Amino acid sequence: MSLLTLIFLLPLAAALVLALIPGNYRFVIRCLALLATCASMVLAVVAFCKFAGRASAPGFQFEEQHAWASSAGISYHVGADGLNMGLILMGAVVLFAAVCVSWRINTREKEYYVLLLLMGGGILGAFASLDLFFFYVLHELALVPAFILIGVWGAGKDKNYAAYQITLYLSLGALLVLAGLLAVYLQMPAGARTFDIVKLTAYFKANPMQAGAQHWIFPLLLFGFGILVSLYPFHTWAPTGYGSAPTGAAMIHAGVLKKFGLYGLLRVALPLMPESAQRWAAVIAILGLGNIIWCGAAAMRQRDLNLLIGNSSVAHVGFAFLGIASMSLIGFTGAVVIMVAHGFLAALTFALSGYLRDELKTLDMDQMGGLLKRLPFIGTVMIMAMMAGCGLPGFAGFFGEALVFFGGWARSETVTVLAIWGALIIAGVYMLRAIRSIWHGEKDWDNLADLTSFKRRMPYGLLLAGLIVFGCFPRLLTDHITASVTPVAQLVSAVPGGPR
Amino acid sequence: MNETAPWLILFLPLLASVVITLFLQRKPGLAAMASVGAALISFVLTLVLLAQFLNGRALDVSATWLQAGALHIDFGLHFDALSFIMLLIVAGVGSLIHIYSVGYMRGDPCYGRFFACMSLFIFSMLGIVLSNNFFQMFVFWELVGLSSYLLIGFWHQKSSAADAAKKAFLCNRLGDFGFFAGIVLIWAAAGTLNFKEINPALFGTAATAAGLLIFCGTVGKSAQFPLHVWLPDAMEGPTPVSALIHAATMVAAGVYMLCRVFFIFTVPSLQVIAWIGGITALLSALIAVQQDDIKRILAYSTISQLGYMVMAVGFAAPPAAMFHLATHAFFKALLFLGAGSVIHAMSQEQDIWKMGALRHKMPVTYWTFLAATLAIGGMPPLSGFYSKDAILAAAWEHDKALFAIGVFVAFLTTFYMFRLFFVVFLGQAKSDAVSHAHESPPVMTVPLLILAALSIIGGFIGINHFIAPQFSRAAAEVPIFAPFEPFKAAPGAAALGLAAFVLGLFGAFLLYAGKRSDPIRENAAGLSRLMRDKFYFDEFYAKLVALFHDTPAAILNLGDQAIKLLVRLVHGAVEWTGRVLRLIQTGNLQTYTLLMAAGAALALYFILTH
């Protein structure tokens, strides 16, 4: 059995076992969830180290394929290359961290952990899959629990509306994706139809899809995947949804699940329909800029910490879209780095804000201030996370953003300059204002408990370590990413009318 | 040794910072030792490498940091005369200030955090100095910004300190915005980021734009007009921080960077650089004349002196800029540490009009402060005279208007520095706190003495001779000890510079010797208020930010609400349709039959008519 299968099957299997355990065995339930996700994380780290140790080359590692419904062209096929290995590692770490920080959950623990594990295991499986059927179905499996998690364990007065909104939006996105994927499937000649991504890519590379078909299928995938990633102007579900979600769910959703759309664009939409991708590049760039500037500006106005983080996370996604819109090797590499970096970052910030919410019973920044004195650990980590959020070097996001700027310059100087403004100035303004009003200042508090034990600090440390390790040694990611996106970049740049 | 020593210089301070952060927060003694030790070892290693460098050994090391397609980013250390000068200043003056801090910060509850941040700063600053490419320089450029932010906001419970930190970071970010855009532009034009490989001839029409964008970085970091507003507020940080970061090293990084990438500047961009430097020097010197806070006077003086250095680069005279940078590092660090010693003695009082007569209370501080004041004023044969003269001589050659500004600023410098000196150290005591004042402990005064020695002899230790060959092949054959050389080389500049010093000293003596309040304030209230309120830049910028950042943000946020409303409307429409349709589902059989019959009739009608 491939390592990848184990990585995503462990949480899913644990979810199954948990479902069978009586709900009052609370200690056993939590232990089992921790154990499964920890094992999955360790395996992911092992896989990543093995992977990073090998010379970078196109193609997949840890491949595993079993025939399943061959009449429909469906098979179980998993594999890792530079595009998804980093995401799988990030997802496994985030999943473990999310389970770790859920120790304060004390209602319906069993159901909570089952749903959390389904969500995490599902999305890890979607990332590992090289077959569109599993790719789609496993993502759907991960989508559904969010609704229940927000509705039952969520916080805030709008949580029901937020739960409906997030679910309807994402179902709409998933529906568009489904239509697009089926359309792609039907573009193959009847005898050769397959859901296998590798075969599809090879087929459409040899026999490019008809321009007419591309031009209506690509937008389906673009906006379908786009809605899943909160592409402007379909972004308003994200801040409110995350604001109401329980901490663990927000971490997995914002950190891992949201990367699925970007991953889908790079894995499926671009290689299969390069011509259309080139045509839509300008639109993607403008919408990505919309994310960066518009949502960044909205983040500047928020006084609720979770809404600020949510808007900022939506703004960050814009950089990944810009990287994709650059239709260049450098930009694609940057986009993937941002996906990984932002996963760690979003999970970390939501974990921290969740802790604050539990301690203060509010996330209104106007009521905070001077907290650093009482919460030195949480405060220090959050200040680091916020610095990472405004693109400070030393954290992985910086390299991603820098690559996007270098890659995007040839396509449009104006868009790139505006994006730099968004990264350095707008993000700087709202992050520093937030640090100022939450952590600094004269207000004094009592009855606040900081995290002191290693056990409780570890999940935050793990996520931070992800940001710092890739921020200092970007080649751990980029060498393999570059190798994997090179074929995509070649396909899109072979299209006439590509970048100058 | 040869391979690892360069890396050790850079990474030892980082190691110290990490170790202190993780393990030594509660062990102040060890934390200070680690931090001071790292700085000192870096300094010693620099000396060792300097010896090897002078023997003609190549010391550069480099590795690939990132590679993606055509983008190749190195992480490398580059050693030449320019970087050695800066290394010696950063590690040397840095070590002295570290030692001083051991005394100054004693008793602070966050002693460990202070030294962790200081070491982080030294690491980042050394990184700027040693970078061999634009990208790496930008990375460390941002990291010094971070350490500066952390240290300005060190006492983060004080609102003013927290605000100042935020302001400093954001002003720097504005400069970095241009800097980074310039870096991307240069990469797009030249295809490389390594200083050695960039060929400015490839820039074409973008050359001036590239130069000016890169210069934005300097405007932010070196607090040049119009981004000068953050540096005075940065004085909220502990005084050793002001001395190290906001006087001697970090703010000078902008000047260093200009010298490092001097080859990319075109004539028009140099013109802009020179004028920005000149305007900054004049503006901040004028403001300094009417400040009352001892650290703020020094802060404006720093901005003004940085303006001199930037102006020198604009005159295509990087050696003069680096010379002044070095001497300024000595005497300005000394002035700040002296001011710190005074503040320490006066139990945190910073208003000069509450001091006075400290001469007898604090003799070491008094004498060293006098040396620094004379040096910055430009009295021969102290270091400041020679470095300032080099700049004035370059101005004399290039631009008479800027030369006039330069001489006038020299006059103002002497004037406001002696105003400070007379009011603080001479005259009568102006508050009770003076009677409790006492000299600082040796751990603080020894660094003062060393810096005083350097400030005095700085003109004769060959800084100029060491750096000049890197920029011009025809280095003048002047001996290292040549006290009268300026009067031979450019007599006009030297004589006017000296006259400005004498006039300034005389003016300050007339107006301030023995005074208890400021005569300018009493006799020219309007002018004084304008200068005291810093020409209202802060107020103007606050309006600007509100107009161009906060208002659009509010509008876009409203847009977000509009999108949400639209979604609610769609949602509402679906729900409303459902409610209407529900009315039909009455459960009444007759209604259903009626509807069915109506439907059938309608269908029949359509079939029959078409």
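**Notebook: helix packing, chain contact and local backbone in a predicted two-chain model**

**Entry 1. H2 and H3 of chain A.** I listed the residues through which these two helices touch. From H2(A), the contact takes in Ala33(A), Leu34(A), Thr37(A), Cys38(A), Ser40(A), Met41(A), Ala44(A), Val45(A), Phe48(A) and Phe51(A); from H3(A), the partners are Met85(A), Ile88(A), Leu89(A), Ala92(A), Val93(A), Leu95(A), Phe96(A), Val99(A) and Cys100(A). Sorted by class, the residues of this contact are 17 nonpolar and 2 polar, with no charged residue. I note here that the model is predicted.

I then looked up the geometry of the pair. H2(A) covers residues 26-53 and H3(A) covers residues 82-100. Their axes lie 9 Å apart and form an angle of about 155°. Angles over 145 degrees count as roughly antiparallel, and H2(A) and H3(A) are therefore roughly antiparallel to each other. The crossing of H2(A) past H3(A) is left-handed.

**Entry 2. Chain A as a whole.** I counted 19 helices and 2 strands in chain A. The C-alpha trace spans about 70 × 55 × 45 Å along its principal axes. I compared the radius of gyration with the globule rule: for 500 residues a compact globule would have a value near 23 Å, and the 21 Å of chain A agrees with this. Of the 500 residues in chain A, 63% are buried. I also checked the sequence range of the contacts. Among those between residues at least 6 apart in sequence, 82% join residues at least 24 apart.

**Entry 3. Where chain A touches chain B.** I found 41 residues of chain A in contact with 37 residues of chain B. On the side of chain A, the elements that give two or more residues are H12 (274-301), H14 (329-360), H16 (396-409), H17 (413-438) and H19 (475-493). Which helix gives the most to this side? It is H17(A), with 10 residues. By class, the side of chain A that touches chain B holds 26 nonpolar, 10 polar and 5 charged residues.

**Entry 4. Chain B as a whole.** Chain B has 25 helices and 2 strands. I read the extent of its C-alpha trace along the principal axes as about 115 × 60 × 55 Å. Buried residues account for 56% of the 610 residues of chain B. Of the contacts in chain B with a separation of 6 or more, 81% are between residues 24 or more positions apart.

**Entry 5. H12 and H15 of chain B.** I took a helix pair in chain B next. H12(B) runs over residues 294-314 and H15(B) over residues 383-398. The two pack at an angle of about 45°, with their axes 9 Å apart, and are therefore oblique to each other. H12(B) passes H15(B) in a left-handed crossing. Tyr308(B), Met311(B) and Ala312(B) of H12(B) meet Lys388(B), Ile391(B), Ala394(B) and Ala395(B) of H15(B). I classed the residues of this contact as 6 nonpolar, no polar and 1 charged.

**Entry 6. Asp74 of chain B.** I located Asp74(B) in strand S2 (residues 71-77) of chain B. Is Asp74(B) buried or exposed? A residue counts as buried if 20 or more other C-beta atoms lie within 10 Å of its own. Asp74(B) has 20 such atoms and is therefore buried. Setting aside neighbours within four places in sequence, I listed its contacts as Ser62(B), Ala63(B), Thr64(B), Trp65(B), Asn132(B), Asn133(B), Gln136(B) and Asn194(B). I also took one distance: the C-alpha atoms of Asp74(B) and Ala429(B), 355 residues apart along the chain, are separated by 58 Å.

**Entry 7. Cis peptide bonds.** Pro233(A) is in the loop between H8 (211-228) and H9 (237-244) of chain A. In chain B, the bond joining Phe225(B) and Pro226(B) is cis, with omega about 5°. Pro226(B) lies in the loop between H7 (207-221) and H8 (230-233) of chain B.

Entry 8. Ala357(B) is not a glycine, yet its phi is positive, near 60°. I placed Ala357(B) in the loop between H13 (318-345) and H14 (363-377) of chain B. Ala357(B) has 16 C-beta neighbours inside 10 Å and so counts as partly exposed. Lys534(B), also not a glycine, has a positive phi of about 55°. Lys534(B) sits in the loop between H23 (525-532) and H24 (537-584) of chain B. With 20 other C-beta atoms within 10 Å, Lys534(B) is buried.

Technical notes. Residues numbered from 1 in each chain as written. Chains lettered and ligands numbered in written order. Predicted model: local features only at pLDDT ≥ 70, side-chain atom pairs only at ≥ 80, totals over all residues. Axes fitted to C-alpha atoms, helices over the stretch in contact; angles between N-to-C directions. Helix = DSSP H or I, 4+ residues; strand = E, 2+ residues; numbered from the N terminus. Parallel < 35°, antiparallel > 145°, perpendicular 65-115°, else oblique. Left-handed = near helix turned anticlockwise from the far one by under 90°. Contact = placed C-beta atoms within 7 Å. Nonpolar A, V, L, I, M, F, W, Y, C, P; charged D, E, K, R; others polar. Rg over C-alpha atoms; globule rule 2.2 N^0.38 Å. Buried ≥ 20, exposed ≤ 12 C-beta atoms within 10 Å, placed from the backbone.
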